[in-house]
Amino acid sequence: MMATPWDSLAVQLLVCCTLMLVFAHPVASASRGLMSPAPAPTALAPTPAAHTAPALTPATPTSPVPAPGLVETTWNVEYILWSPDCKQHGMIGINGSFPGPTITAKAGDRIRVVVNNKLDTEGVVIHWHGMKQIGTPWADGTASISQCPINPGETFTYEFTADKPGTYFYHGHYGMQRAAGLYGSLIVDVPEGKTEPFKYDGELNLLLSDWYHEAVYAQAAGLERKDKHFRWIGEPQTLLINGKGQFDCTLGDVGEFHRLIRHDAKKCERMDGESVEMACDKDCGEDGSKVEAACREKECSSGGGKDKAACETECRKKGEAAAKVKAVCEEEKTVSCEKIRRSECGPFCRETQCGPAVFDVEPGKTYRIRIASTTSLSALNLQVQGHELTVVEADGNYVKPFTVDDIDIYSGESYSVLLKTKTAEQGPLSSYWISVGVRGRTPRTLPALAVLKYTGSNSGLPEGAPPETPDWADVARSKNFTYRILALERAADTPPTTVNRRIDMLNTQNVIDGHTKWAINHVSLSLPATPYLGAYYHGIMSDVFDAAAEAPATFVSGYDVDKPPEAQAPEARRPATVRNRVYNLTHGHVVDVVLQNADMLRDDVSEAHPWHLHGHDFWVLGYGDGRYDHSKDSAKLNTANPPLRNTVVLFPHGWTAIRFVADNPGVWAFHCHIEPHLHMGMGVVFAEGMEKMRELNVPMEAMMCGKTAAVMARETAPATSPPP
C-alpha cells in the first residue's frame, strides 16, 4: 500500500519531537546537535620539544598509579585559505590553521574532542587512525559505517580511550576530505610509572603528506566519469612535511636527479623573497599634486623672469609625470604585498606558511623521530643526511630494533626511529637535510626537504645537494625493509594457532557500467546512506543494505593473477558488481585474511596498496610473490614473532597474510588507504560481534540520520492515549 502524505508528516513530526528531547537534555559521551552557541575553540597544550629519557627497565611505582586523565579540546572545522607550498588554495582546516592541532595524551587517558562543523556545504567526520575504539565503535569516525556525518552547523563530541602508546594521527573520513587537508598528529605516551624499551633524550614529530592543487571535488568528479571521460587524479604537485613544502622551487641544490623528475626544477632563492618584501615596503614618493604645488611655489612665485603660465604648465607636467610613476609603484607594491599576504612569495618571506620545517637538535643525543604518513596517494621514502635510523615502533607497536639508512612508508603507516646526533669529533655540527621522496610510482613530484639543525651552529640551510630518493621502481628494496619488521620479543603477543575463518581477497581493477572501479572478489564497495552500526543496533539491516548474503569470501580458483580481468579464461571470468554487503564475524573468532594482488586493466601492471583495518591491530603473518597457495604457503607463515600493525602493504603481483581476533564488537572498515582507491570501491566492511551489539550504549546522536532516525523517533515517541 502506498504511503500517504499524512504518513510522511507523522514520521517527520516524530523525528522533530525526538530531536527536541535530545537537545533538551545533557548529551552522552558522543553528542551531536545544532551549534547554539558553538563552544569557543580551545587549544591543547603544545607538545614538549623533548622528553626526559626513560629507563631501560620499568620502574616499580612506590605510589598508586594515577587515575587516567582527560584531554579535552574544541575544534571548528572550516574552509580556510592556506599556502602549504607557497600557492594559496581553499582547503579544510581546524581552528583556522593547517595541519590540525597535535593531540598529546597518555595511554589510558580519555580524549574528548568537540567538533563544530563550520563547513557550509558538506558533512564531516574525524577518524582516529590507530585507536581501536574498544567499547566506543561509534567514535571511529567513518561516515556510513560507524556514524552519521556531522551536518553543517551541527556539533558532535568524540570521546574515547587512548588505548596504547604510539605514533598515530587523525583525518577526515567522509568523501576525500583527508586530501583536502583535514588531518593532524595524535601522540600517545606511556602512562605514569611505565617506560618504553628504548632510551631517548628528546623527540621530533614528522607528519608527511602529499598535496594537490586541484580541489578534491574536481578529483572525485574525474574519478566518477564514464569510459573515456574517466580522469585519474595524477601525481601530487608537492610533498609536505608538517604541512610545509615548496612547489615552484626546491630548497637544496638542483642536480640531474631533480631534472629527471621536473625538467624546470630550480632552487629557491632567498633574494626572490627579499625582492618582494622590498617592493612591498618601498616608498613610492609624493603625490603628483604635491609635486606640482612644490614646483609652483619654488619656480613660479618668485618672478625670476619666467612666464607664469608657461611655468605653471611645466609644473603641471612634472606633477602628472610624478603621479604616473607613483601609480606604477603603488601597483607593484600592492601586488608584492598581496603576495606576502597570500604567502606566495616563497619560503623565505616574512610570515610565510611554506617555509622549511626546521628541527633543532643537540650534539651527542638520541632522538626519537615519530613519522606518520597521511598521503592521499604517494608511497614515500625518508632519509636524514649523514645519519642512520633505528626502527623501534610501527603503528603503535614495539618492533625488534634494526638500523637502516632510510625507510619506506606507505599511506596510513607510522613509525618511530631513533637517531643519534653527532659529536664534535664525529663530524661538523651544522645542518643536515631531511629528504622525503616518492617511491612505487614514476615520480613527477620533487622531494620535500626539512632541516635537522644542530644547536649552536651558525649554518642556515645545509650545503650541497640533498640525498637522492632510491629508484622508485626498486620494489625489492621496499620489500627488504618491510620484511625486517618483527615483533620485539619482550613485547610479543603471539597470535592464536587455531583459526576459525579464512577470507581470501582478490584485488582487481574493473570497468563496471562504464565506470573504472576497484573490486574485492569482483565486488566494488558502495556505502549506504544509513550507517551500518545503526542498522545492526536497531535490527533494520535489510532496510539499509543488501543483507541477503555476505560479501564473497573467496574467488574462483582458476583466476590468473598475472593477467588483467578481460584476459582471463572463460571459466575464471566473473562479472564485477557494486554492492554494500558485509562480512559477519562471530565475537571471539580468529580470522585470517589473505590479500591477493593482481594485474590491473593492463597486462603486467600492478600497484602496491596499503590496507588499513579499523578497530584492531593484526599480526602480519607473511608476504609472497604470485598467487597464494594455502597448501604450500601456510607453512611459511610467521607465527613466532609476527609484527602487530594496523596498516600493511600489499606488494604488486603478490599476497599478504594477516590474522586478527574479532574481539571488538562494532562495524569496521578494512580498506586501501590510498584516497582515490577507496573512493573507487577498494574496501570491505566487517560486522563483528553483532550478537553483543545491544550490550553497547550506542548514543542516539551518532545515528540520528537516514532510516535509523525514523526508527529512533518511533522508539522514543511518548505513548499516547487511545482515542475515546
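Here, buried means under 20% relative accessible area, exposed means over 50%, and partly exposed lies in between (1.4 Å probe, protein chains only). Helices (H or I, at least four residues) and strands (E, at least two) are DSSP runs, numbered from the N terminus. This is a predicted model, in which local features need pLDDT of at least 70 and side-chain atom pairs count only at pLDDT 80 or more, while totals for chains, interfaces and linings use all residues. Residues are numbered from 1 along each chain as its sequence is written, and side-chain values use heavy atoms, with hydrogens and water left out.

**View 1. Strand E28 and its two partners.** Let's start with E28 (residues 618–625), where six of the eight residues are buried. Two strands pair if DSSP finds at least two bridges between them. E28 runs antiparallel to strand E31 (residues 654–661), joined by six bridges, and antiparallel to strand E29 (residues 644–645), joined by two bridges. Look for tryptophan 619: its bridge partner in E31 is arginine 659, and in E29 it stands opposite leucine 644.

View 2. You will find histidine 609 in strand E27 (residues 609–613). Histidine 609 has a relative accessible area of 0%, so it counts as buried. Contact means heavy atoms within 4.5 Å. Beyond its neighbours within four places in sequence, histidine 609 is in contact with Asn507, Trp518, Asn597, Val648, Val649, Leu650, Cys672, His677 and Met682. A polar atom of the histidine 609 side chain also lies 3.4 Å from the backbone oxygen of glutamate 607.

**View 3. The buried side of helix H2.** In H2 (residues 216–224), the buried residues are Val216, Gln219, Ala220, Gly222 and Leu223. They lie on the same side of H2 because they cover an arc of only 160° around the axis; this arc is that of the directions from the helix axis to the C-beta atoms. A handy reminder: an α-helix has 3.6 residues a turn, so residues three or four places apart point the same way. Helix H11 (675–679) is included in what covers the buried residues of H2.

**View 4. An open sheet of four strands.** Follow the order E4-E9-E8-E6 through this open sheet, whose pairing is mixed. Strand E4 (103–106) and strand E6 (126–129) are the edge strands, each pairing on one side only. E4 pairs with strand E9 (residues 183–189) in the parallel sense over four bridges. Within E9, isoleucine 187 is the bridge partner of threonine 104.

How values were computed
A polar contact is a pair of N or O atoms within 3.5 Å; within protein, one must be able to donate a hydrogen and the other to accept it, and residues adjacent in sequence count only if both atoms are side-chain atoms.
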